Amino acid sequence: MKRITILGSTGSIGRSTLEVLRLHPEDFEVFALAARSSREALLEQCLRFAPRYAVLEDARAAGLLRAELQGQGSRTEVLAGAEAMLRVASDPEVHMVMAAIVGAAGLDSALAAARAGKRVLLANKESLVVAGELFMRAMRDGGGELLPIDSEHSAILQSLPEQRERWALDVREITLTASGGPFRRSDPATLEAMTPAQACAHPNWSMGRKISVDSATMMNKALEVIEAHYLFGMPASRIRVLIHPQSIVHSMVTYHDGSVVAQLGVPDMRTPIAYGLSWPRRMASGSSWLDLARIGRLEFEDPDAARFPGLGLAFAALGMGGGACAVLNAANEVAVQAFLDGALRFTDIHRVNAATLEALGASQARELGELLDLDARARGRAAAQARALGR
Ligand code: NAD
Ligand code: MG
């Protein structure tokens with residue numbers, strides 16, 4: 001029986017994780033569920049999965065949840081605040097931690113799980129973007145296992161040789177596929193006026209709002225290039241991005257002998273989640289079966305740099321090194337939130353990201369304190385520019 005903590009349990013990935021766990025009640029036990037403030041969703045999850053702990057970042061919401069759970073006769077103990085997240089991420093009784101908080105807010109708890117030697121199921125790609133070197137070091141020092149949940153990175157892990165020592169020797173390049181999002185075919189002149197609802201209407205995947213906007217700008221793929229660089233130790237020059245609108249080929253690895261190994265499946269996050277949970281074995285995920293005859297065609301094309309300028313920022317940031325990736329991530333979180341709040345135009349997300357990276361990207365921040373300080377400065381600068389550009 002494996003005990004698991006799910007950070008961000010009320011979000012898209014958190015809910016999919018619980019759906020997979022429900023298929024395997026003999027193998028997994030939910031130790032803790034954690035979210036920011038969504039009390040009602042967490043209440044329902046606690047009643048269904050009876051975790052030992054429920055954590056809400058918001059103390060007031062936690063107080064209400066505690067009263068509600070007691071009223072229902074539940075034995076789940078309710079904790080509040082960021083410290084409690086760290087505690088349930090590193091508790092000695094926990095085997096696995098699903099890190100599915102959105103944004104840099106998920107870094108501390110993912111790091112706590114890494115340092116404590118857990119199997120970390122990493123959906124929170126922002127952790128690796130903000131502090132990739134540090135995070136990978138924490139994983140090594142902690143001695144746990146890192147299983148990427150991002151579908152592309154799960155696909156690459158499934159396509160790489162089993163022995164890690166062979167990764168650098170046998171692989172020519174890795175290719176991340178990208179759907180191209182909802183605006184792949186839109187007239188570029190119309191992008192400026194796109195609304196949050198339009199940006200969040202992803203053709204293939206149903207996801208949280210932040211990552212949905214990131215998919216529309218292709219900043220999601222930019223973050224994933226950085227994620228792949230740290231996860232697989234690949235230099236930026238050996239990471240490619242390919243548009244594949246059907247989202248069936250989840251990513252691929254090209255070997256020196258000309259072979260290309262890819263992982264395919266229907267676009268359903270329960271597959272990479274089940275892989276992370278059951279690795280190195282396989283178990284049912286609840287996903288439907290891929291029927292290639294019904295799909296008929298798989299298409300591929302190079303990304304259009306003019307339509308998706310954000311993608312280039314990932315390669316620029318990796319070239320700058322140090323804290324540039326953290327700067328890019330912070331700017332993007334601020335710009336996306338401003339866009340979702342109706343305060344910034346869609347096309348200005350890129351302006352804010354590019355200008356913030358240019359202003360602060362040269363920082364050589366490395367240690368956690370320096371990176372967090374840089375993150376805060378980048379947020380301040382990005383917010384000021386978003387206000388200036390805002391409508
Ligand atoms: P979401 O917005 O649906 O859910 C986010 C979750 O994080 C919620 O449970 C929320 O309560 C929690 N949360 C937010 N801020 C918090 C804080 N400060 N403290 C504690 N909890 C907090 O997001 P999502 O789509 O599930 O994405 C989660 C992560 O997974 C992101 O990093 C995203 O990039 C990554 N990811 C998502 C998908 C997907 O299909 N949704 C695919 C690949 C990667
Ligand atoms: Mg992805």
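Reply: A polar contact here is a pair of N or O atoms within 3.5 Å. Keep in mind that this is a predicted model.

Me: Which atom of G8 lies 3.3 Å from an oxygen atom of ligand 1?

Reply: The cut-off for a polar contact is 3.5 Å. G8 comes to 3.3 Å from a ligand 1 oxygen. The atom on the protein side is a backbone N or O.

Me: What share of ligand 1 does the protein bury?

Reply: R36 also reaches a ligand 1 oxygen, through a backbone N or O atom at 3.0 Å. Taken alone, ligand 1 exposes 820 Å². The protein buries 91% of that.

Me: Which residues are the protein donors of the magnesium ion (ligand 2)?

Reply: The donor atoms lie 2.1 Å from the ion. In sequence the donor residues follow the spacing D-x1-E-x71-E. They are D150 (OD), E152 (OE) and E224 (OE).

Me: How many residues apart in sequence are the parts that E152 and E224 tie together?

Reply: E152 is buried, as is E224. E152 sits in helix 7 (residues 151-159), and E224 in helix 11 (residues 219-232). The pair therefore ties together parts that are separated in sequence by 72 residues.

Me: Is S159 buried or exposed, and which backbone oxygen does its side chain reach?

Reply: S159 belongs to helix 7. Its relative accessibility is 4%, so S159 counts as buried. At 2.8 Å, its side chain reaches the backbone oxygen of A155.

Me: Which side chain does E333 join in a polar contact of 3.2 Å?

Reply: E333 is part of helix 15 (residues 324-340). With a relative accessible area of 16%, E333 is buried. Its side chain makes the 3.2 Å contact with that of R379.

Me: What is omega for the peptide bond that joins W279 and P280?

Reply: Most peptide bonds are trans. The bond joining W279 and P280 is cis. P280 lies in the loop between helix 12 (270-278) and helix 13 (292-295). Omega is about 5°.

Me: What is the phi of S247?

Reply: Most residues other than glycine have a negative phi. S247 sits in the loop between strand 9 (239-243) and strand 10 (249-255). At 6% relative accessibility, S247 is buried. Although S247 is not a glycine, its phi is positive, at about 50°.

Me: And what is the phi of S251?

Reply: S251 falls in strand 10. Its relative accessible area is 0%, so S251 is buried. S251 is not a glycine, yet its phi is positive, at about 160°.

Methods:
Residues are numbered from 1 along each chain as its sequence is written. Chains are lettered from A and ligands numbered from 1 in the order in which they are written. This is a predicted model: local features need pLDDT of at least 70, side-chain atom pairs count only at pLDDT 80 or more; totals for chains, interfaces and linings use all residues. Side-chain values use heavy atoms; hydrogens and water are left out. A polar contact is a pair of N or O atoms within 3.5 Å; within protein, one must be able to donate a hydrogen and the other to accept it, and residues adjacent in sequence count only if both atoms are side-chain atoms. Accessible areas come from the Shrake-Rupley method with a 1.4 Å probe; for residues, only the protein chains shown count as cover. Donors are N, O and S atoms within 2.8 Å of the metal (3.2 Å for Na, K and Ca); water is not among the atoms, so sites may look incomplete. Helices (H or I, at least four residues) and strands (E, at least two) are DSSP runs, numbered from the N terminus. Buried means under 20% relative accessible area, exposed over 50%, partly exposed in between (1.4 Å probe, protein chains only).
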